[in-house]
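Me: I'd like to learn how to read cavities, pockets and salt bridges in a model. Can you take me through them with an example?

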Amino acid sequence: MQNKDISHIFREIAKILELKGENLFRIRAYERAAQTIEDLPESIVKVYEEKRLTSLPGIGNDLAKKVEELVTTGLLNYYHELKKQIPSGVIDMLGISGLGPKTVKLLYDNLGIDSIEKLEKACRQGSLLSLEGIKEKTQSNILRGVELYKHARERIYLHLGLDIAEKIIKQLKSTGLIEKIEIAGSLRRKKENAKDIDILAVSKKPSEVMDAFTASPLAAQVLVKGQTKSSVLANERNIQVDLRIVGEKNFGSALMYFTGSKDFNIKMRQLAIKKGYHLNEYGLFSDKDSFKKRTLASKSEKEIFSFLGMAYIPPELREARGEIEASLEDNLPELVEFGDIRGDFHIHSDYSDGSISLEEIVLCAKDKGYEYVGICDHSQSLKVARGLSVSLLHKKIEAVRMIDNRQKNIKVFCGSEVDILAQGKLDYPDSVLKEIDFVIAAIHSGFKQSKQELTQRIVRACQNPYVRAIAHPTGGLRGLREPYEIDFDEVFKAARDYNTALEINCHPERMDLSDTRAMAAQRFGVKLILGTDAHNAEQFDLMAFGVNAARRAWLERQDVINCLSLDELSKWLGK
DNA sequence: GCCGTTTTCGGCCCGACTGTTTTCAGTCG
């Protein structure tokens, strides 16, 4: 039973309870617990075994018992009973935008609609009009929701989301109606993927901006259009874009609200209440009553945090994972910044499957202002990526040495991304490994092995005296291949004890370790290393996304190998 | 169902937009 299985079951329970019209706060308790378990950087089974379940936020006695039942029996009787009451197709209908529990229940109870297919048919036949409170407009909106559902929009990578957002911002600015505009939402928090794009702007003519936005050539479809808030589907990737207009004096509070996360907002508002204030997107107020209230802060986020006695919380941390408490105690981490990065290690040259030469790599690294660069090509077994035979590796070592000798302002290391073979042996013998400056070990085969076998392979690699890091430790390819299962405690322990770094692979399809895993690793005492896995010149830019993930993982400079000075790095390489 | 520096009971974030109403419920973020 994995964390994601249990969080899935809790979410399903929440949906069924919604359909049954249960107490909203009870429903939210299940959703909150699901989120806690999903974000949990360690195995819920371990938390259960160590009797720490009720110490998790949002998990009390009752939910702890349910987790226990799931962990020990693999089943949950309560869930089983609930599922009997509502067909699964009815639960699926909740996934349709604009269709909530009340309407779904109405459709199911009165028309027996228990699947999205039946819903679509009923809309087309006009059957919904027989119901009280549903007229032509609602029916066509539901049908539109069904259409959108069928062309399911997936979450998009951060870099693509930022790209689309920039285009829209550029277009809006060109209207001349905008005084100030910023990306908010999960993109501002630098979350690795986004389900929508949130933009906040200041304008004296909000309704004209709304007209321009909804009529934009970049918008394929208008979902909602109001005085100060509109949503469209972008013609690129069909992603939803929300635009909100506020006054200059509310910009800070609106930016905070619109940046989220949702859980962060809830906690902030609760904190404001506890201190006797009232917080919403228009500001921090002395009182909820609109006649008595005075504005305490609203213009900038800093002002609001400061009035609440808090240190400024960078957007990347705003996930309700303890940052509010840390901020109140003035105990926030000093997050690593892009400017702290002094080099990149995980780069492939045209010796194996990269498209750039050694010389070009050095130029790219200099261009980034790096002090050092490691060139890692694949090892001999990885034939598909033209892994280097021992003799070719020797040639490459020679070539790198020659280039390095010619450099004044940058140190060039010869590295290798060495396969961890099925039994945990490395793809070059130690006698060869010791000639390489930087060995990063990786699993590229045998993904189907058991959790124990995969864990042992990585542990053995960590223990090898020549291995300095483990590349993409969980092996997932987003949307393509599920990560393999490993025992993180064991891997973290080996990495810490043998001073082997774990990579945050910056490639958007990898992002491995993820932010929450990297956070867990750091708390275990493991060092992290950022690697772009660049195979061409453009991919050097992916480092920024690794820094984003590192910041979301609460990492400071001393946690990240790429921040070491050349001297410190050389010492570390010597293990 | 959770949770506690006002509380072990009685709260639980809050406002915009929509459609169907004639003051509001449902949905969303």
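Predicted model: local features only at pLDDT ≥ 70, side-chain atom pairs only at ≥ 80, totals over all residues.

Me: Okay, how many cavities of 30 Å³ or more turn up in the whole structure?

Reply: A cavity is a space where a 1.4 Å probe fits but cannot get out. The search finds three of 30 Å³ or more.

Me: Which elements line the second largest cavity?

Reply: Helices α13 (251-259) and α14 (262-274) and strand β8 (278-280) each give at least two residues to that lining. The cavity's volume is about 60 Å³, and Tyr 257, Arg 269 and Asn 280 are among the residues around it. By class, the lining has four nonpolar, three polar and one charged.

Me: And where does the largest cavity lie?

Reply: Domain 2 (156-245) and domain 4 (338-573) both contribute lining residues, so the cavity sits between them. Its volume is about 100 Å³. There are 13 lining residues, with Leu 158, Lys 191, Glu 192, Met 511 and Phe 545 nearest the centre. Helix α23 provides the largest share, four residues. The lining as a whole splits into six nonpolar, two polar and five charged.

Me: What is the volume of the second largest pocket, and what lines it?

Reply: A pocket, unlike a cavity, is an open set of points. This one has a volume of about 330 Å³. Its lining includes Arg 153, Arg 155, His 159, Arg 237 and Arg 478, and five of the lining residues are charged.

Me: On to salt bridges. How many are there in the whole structure?

Reply: For a salt bridge, you look for a side-chain nitrogen of Lys or Arg within 4 Å of a carboxyl oxygen of Asp or Glu. The search finds 40. Take Arg 551 and Glu 316, which meet at 2.6 Å, N to O. Arg 551 is in helix α23 and Glu 316 in the loop between α15 (301-307) and α16 (323-328), so the bridge ties together parts 235 residues apart in sequence.

Me: Are Arg 551 and Glu 316 buried or exposed?

Reply: Both are buried, that is, under 20% relative accessible area. Lys 225 has a relative accessible area of 47%, so it counts as partly exposed. Asp 211, at 40%, is partly exposed too.

Notes: Residues numbered from 1 in each chain as written. Chains lettered and ligands numbered in written order. Heavy atoms only, no water. 1 Å grid on protein atoms, 1.4 Å probe; cavity = no way out; pocket = protein on both sides within 12 Å on 5 of 7 lines; lining within 4 Å. Points joined across faces, edges and corners; volume = space filled by probe spheres on them. Nonpolar A, V, L, I, M, F, W, Y, C, P; charged D, E, K, R; others polar. Domains from an automatic or database assignment. Buried < 20%, exposed > 50% of the residue type's maximum accessible area, 1.4 Å probe, protein only.
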